[in-house]
Amino acid sequence: MATLQTRATARLMMSPAVILLFLWMIVPLAMTLYFSFLRYNLLMPGTEEYIGVVNYQYFLTDPAFFTALGNTLMLVGGTLLITVIGGILLALVLDQPFFGQGIVRLLVIAPFFVMPTVSALVWKNMLMHPVNGLFAWIARTFGFQPIDWFAQLPLFSIILIVAWQWLPFATLILLTALQSLDGEQIEAAEMDGAGVFSRFYYLVLPHLSRAITVVILIQTIFLLSVFAEILVTTNGGPGIQTTNITYLIYMQALLQFDVGGASAGGIVAVVLANIVAFFLIRLIGKNLER
Amino acid sequence: MGSITLEKVSKSFGTTTVIPEIDLEIDNGEFVVFVGPSGCGKSTLLRMIAGLEDLSAGRIVIDGKDMSNEAPAHRGLSMVFQSYALYPHMSVYQNIAFPLKMDGQDKATIDKKVRDAANILNLANYLDRRPGQLSGGQRQRVAIGRAIVRQPKAFLFDEPLSNLDAALRGNMRLEISDLHHQLQTTMIYVTHDQVEAMTMADKIVVLNAGRIEQVGSPLDLYRSPRNVFVAGFIGSPRMNLIEGPEAARHDAATLGVRPEHVKISTTEGAWKGTVGVSEHLGSDTFIHVQTESAGKITVRTDGDFTAEHGQPVYLTPDAPRMHRFGADGQAIQRT
């Protein structure tokens, strides 16, 4: 009896927090859903009316949508590629004992603490600027034509900046995973005649697979909604070359004042994120079964 | 093929010397056990032979070739680790096949060798499982399987049975001894358990603080320990070591007599004492007696002997089987 009562009390006590969190999530979602079926433009107040799926039609047939979708996937994929490979390499290096290890580890983690707007500005004005940037200076020193990063390679530049921010995260997770690898296994492989690369391929990589999955999952969630870096550096341009879904929705809502269209875009983004999440969860589940 | 010679091998980490110069000869086909208390350097010595630790000085010669600076894989030895060090994401088959695959052998040969090894070790039904799905004894066998497929010149075992329960340990001890008779390959086995050393070894190397105290066959060590350390370490229960006037009476600093070489009687004997704890094992009884002249003595007697706690008894040591040690701890030769 006591346990039944305790359980009931526990539920009662928990309910305010749970209800608050639920409302916190469901109210904005419901309102977005509601707005997405309205003609709702901030320039024409008072003319809101139900228009069915027209907003969705416009958003999904907009040629910019497919470009933005492609850009989003490129951004996520490119960043994941750089951070996972770079993270593994950095983790392998940082796992070796060397002088000043503590300081170096701290410095490697540092970019993660810099907020996205600041790091994007630093990259834009101090590193990638075609006249004043460090990269331009290096190029000129060696007698090359400096690259105008945001004009010539806009999406790649954004990927570079975002990857720089997320590399520490990947490194940190992979380094801790690496440190939990049993030293005797490596020694056994050494005695079995496995060279450095075989040991990496047959022992280290499988050992890291779970950590890599976690890195991919968490980063994907955050990378789908990259915004500040684009706003600060390219404003989605040139043209729409660096516009991802998040930025496209922002343009609809706050540059074209089309709240209805933006809401429809938001719902589309939620659906897309869920599709991605579905595949990721399956990937994780497969990896955790081992 | 598998003789190993250590010549003036030593090892130090920074300023601490773990192993001062050691010379040791291991013949082909021998089962050699390194035994000693924990921290005596026996595992380090094994790892040096394996090539996992560098030598600070000296030479390791395997089959007449100087292997001191050779990589572990090129020494032709295989090792079974204390934690087994199986590859957790590979099946039993892949684990056993791994050294062959690294050696670049073709699939058919690998398959045959793996299945042969699995048959020897009773693993044929488990080849598709992962190490996580096996019991301790089975994992142990997989580790041994991975070692034997390479057909090494010698096997190195680093306390392989210490993670198993007592019954399984007894079984695996027999299996490893059996394996040695089947394969006739040199084996070096590290343990801190003197029972394992006594039961399995052709030759025991007793180590203490990195030094070799004595090398010999199990019965050699049992019958004529060269010093107090070996006397106290080999044999179970421990040899009684008597100091003081009773030892001086026999012209020794320390007098050693094994529990099985003391007669106990309720009526007459050399040392009078009272019974403390009696341990009844069924076949034997160990009786701890507090004597007046010789201190605490453990006696091994047959299982039928019963003694009350506090009962007065008399002990008589078997004089020809007593061991006398000088003040430096070395044995004094019988004249």
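Predicted model: local features only at pLDDT ≥ 70, side-chain atom pairs only at ≥ 80, totals over all residues.
Trainee: How do you know what end-to-end span to expect for α8(A), which covers residues 154-179?

Mentor: The expected span is 1.5 Å times one less than the number of residues; for the 26 residues of α8(A) that expectation is 38 Å, and the helix reaches 37 Å from its first C-alpha to its last, so the value counts as close to the expected one.

Trainee: What does the corresponding comparison give for α5(B), residues 166-183?

Mentor: With 18 residues, α5(B) reaches 26 Å, close to the 26 Å expected, and the helix is followed by B:Q184, whose phi is positive, near 55°.

Trainee: Why are residues of chain A and chain B said to be in contact?

Mentor: Because a contact requires C-beta atoms, placed from the backbone, to lie within 7 Å, the 14 residues of chain A and 15 residues of chain B described as in contact are those that meet this cut-off across the two chains. On the side of chain A that touches chain B, α9 (183-191) and α10 (196-223) each supply at least two residues, and α9(A) gives the most, with six. By class, that side of chain A has five nonpolar, three polar and six charged residues.

How values were computed:
Residues numbered from 1 in each chain as written. Chains lettered and ligands numbered in written order. Helix = DSSP H or I, 4+ residues; strand = E, 2+ residues; numbered from the N terminus. Nonpolar A, V, L, I, M, F, W, Y, C, P; charged D, E, K, R; others polar.
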